[in-house]
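Here are some notes for a colleague who is opening this structure for the first time. Please read the points in order, with the model at hand.

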Amino acid sequence: MKTIQELEEIRKRTLQTINIRKDRSGTRIVVGMATCGIAAGARPVLASIMDEVSKNNLSDVVVAQTGCIGVCRLEPIVEVYRPGEEKVTYVRMTSDKAKRVVREHVMLGKVVNEYTIGSEEKK
Amino acid sequence: MKMYRSHVMICKGTGCSSSNSEQIAQNFEKELKEYGLDKEIIIERTGCFGLCALGPVVIVYPEAAFYSRVKPEDVHEIVTEHLLKGRVVKKLLYHEAIDEGRLKSLNEVPFYKKQVRRALRNCGVINPENIDEYIAFDGYKALEKVLTQMTPQEVIDTISRSGLRGRGGAGFPTGRKWQFAAASKDDQKYVCCNADEGDPGAFMDRSVLEGDPHSVLEAMAIAGYAIGSNQGYIYVRAEYPVAVKRLTIAIGQAREYGLLGKNILGMGFDFDIEIRLGAGAFVCGEETALMRSIEGKRGMPTPRPPFPAVKGLFAKPTILNNVETYANVCQIILKGPEWFASIGTEKSKGTKVFALGGKINNTGLVEIPMGTTMREIIFDIGGGIPNGRKFKAAQTGGPSGGCIPASKLDVPIDYDNLIALGSMMGSGGLIVMDDTTCMVDIARFFLEFTVDESCGKCTPCREGTKRMLEILERICSGKGEEGDIEKLEHLAKIIKDSALCGLGQTAPNPVLSTLKYFRNEYEAHIKEKRCPAGKCQALLKYTIDPSLCKGCGLCARNCPAHAISGKIREPHTIDQKKCLKCGLCMSKCPFKAISKK
């Protein structure tokens, strides 16, 4: 026998999982998962992003994969689109770097400049 | 909280299921495990998306990639290319969903663009066998609101103000029906749901029951609160096994969560629901016959008054509403009657679900605002007539309705306009016909159905429709006589005036409607013994073209009726009086000199 409070909790909990099915405009995290990406280790990066998103109960965040982004030598590549902001491209990603990007950029809005493609070019 | 990066929605409505969508679902599960993707991607079996012509349908989120006509062998490619590598498999996509290589949003696709999916809001989006998903999209929030913030009269007023009219076909104002039942004083009242859906070609209610059963359960509980009832019955036809199964699961889950049963949400309100199965009788979709059937009696209509709201099931005050009517209730409570009434026409508010069938490209289920024109439904949403043929007419209301000809394509669809045209809204079955359809044959087809389904209680229906059918059968077999049309019209008027229930009263409609707009076809059948559409076999003449005939005699030698004569190397002729119209000569002729007109 559920109370109104329990119903609301079920509602919130399940909505986080299936909200992806409605047309929404939230944050998109895109991981390059073509052969180059996978070979360079994109799968663990994807796994840790998903883990971090679910640990922090981030609703309105879509984690998608895409094919070859182009700069194969800099794979694994992760792109972050926050609504109203410019796309940020992170390169040479690892599981730990990905966790930091989620915590600082996705949750707090602070771009992790040292991981971006811009910084890479300067090296 | 488990996070899945991708959701694969597989349609498990009856249509796609009969095209093996279960095998597709199982293949996905197997392949995902094989590639280690089963912890990141979830497979969901859902209800009907609507675009049945392109089934089996699979939609992958978050991209909303609409895969159509999927075969079990395609699953491997979708998993390895799309789910593993992120490359959408373009050649398997619904072609209208791609625009210069870019995935279009489903809402931009012509089929979905003009639709407003309210009653069908959850179909294809949730797993209907999971109550949590229904709850996530505001499920049982309306019941909560009603029990905690509204009085029964306020609920009725809300429904009345919305302008909701019965979606089963008659269009009676729902609020008024509930008001009558609420006003009747009795110790026991009942809430019934008509899920019999007997119209041939209609599957709107089936899709709601298969895709979103909880929306009906919640609405019935709200209705129970409004009129003062604690018991509901869903009368569903036995020919819908998937719907019965999903309803049973849903009721079980609702009871488990205490959303049906005693003291719902701790607010002191009791309400429970039982399922009753129909047994194949169209007449049991009629209100009073349905109630007699639940009582265990033969399904035969009883005269009204007394109306069920005063004396219905087990002689207690009862309301009976259609599945689609209930599917609209929860949103009216949550979003307000003004929201519901914001679309539609003056006297017909909200949306209507139509089942598009017949000679149309996009067969399937559509939900459109009242006031949309037939032209938009058939050509914009429906994708037009296949094989380059011309639109002739569209039948609404099934065996109780009439046809809308091409000249009336721009009439806005609503309850009153359709009646003015000589048809009716009906439950929502829309059969499209092209120039190869014979309108006399169509009238005969529908009348054959109603004659078969007549319960036999009243003479006008039992005897009258049969006599009308006999006349139509004579006409279609080339034995029509002068005066037949007048006889049909006379009989139709008498039956409409005197039959006991809606089945009989509306049975003559297809005949009257086709006579109104296609009288010339009837006259051609009777006076010229000709079927303009080329459909009625008995009226087709096999003729030999003398310019093509080489006089080889092959046809004459094979004709079982010896109806062909002629000298060798001279054109032969067929004696129409002897011809059996078997077509053997046409199939034998090596010069294609014989044709059928």
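1. In chain B, 53% of the 597 residues count as buried, where buried means that 20 or more other C-beta atoms, placed from the backbone, lie within 10 Å of the residue's own. For chain A the corresponding share is 31% of 123 residues.

2. This is a predicted model, in which local features need pLDDT of at least 70 and side-chain atom pairs count only at pLDDT 80 or more, while totals for chains, interfaces and linings use all residues. Residues are numbered from 1 along each chain as its sequence is written, and chains are lettered from A and ligands numbered from 1 in the order in which they are written.

3. The secondary structure of chain B amounts to 23 helices and 20 strands, taken as DSSP runs numbered from the N terminus, with helices being H or I of at least four residues and strands E of at least two. Its C-alpha atoms occupy a box of roughly 95 × 65 × 40 Å along the principal axes.

4. Chain A has five helices and four strands, arranged along the sequence as α-β-α-α-β-β-β-α-α, and its C-alpha atoms fill a box of roughly 60 × 30 × 25 Å along the principal axes.

5. Within chain B, the axes of helix 6 (residues 141-149) and helix 10 (residues 213-227) come within 9 Å and cross at roughly 15°, the axes being lines fitted to C-alpha atoms over the stretch in contact, with angles from 0 to 180 degrees between N-to-C directions. Helix 6 of chain B is therefore roughly parallel to helix 10 of chain B, a description used for angles under 35 degrees. The contact is made by Ala142(B), Leu143(B), Val146(B) and Leu147(B) of helix 6 and by Glu218(B), Ala221(B), Ile222(B) and Tyr225(B) of helix 10, where contact means C-beta atoms, placed from the backbone, within 7 Å.

6. Between the chains, the contact takes 24 residues from chain B and 28 residues from chain A. On the side of chain B that touches chain A, the largest share, four residues, comes from helix 5 (residues 131-136) of chain B.

Technical notes. A residue is buried if 20 or more other C-beta atoms lie within 10 Å of its own, exposed if 12 or fewer, and partly exposed in between; C-beta atoms are placed from the backbone. Angles under 35 degrees count as roughly parallel, over 145 as roughly antiparallel, 65 to 115 as roughly perpendicular and the rest as oblique. Two residues are in contact if their C-beta atoms, placed from the backbone, lie within 7 Å.
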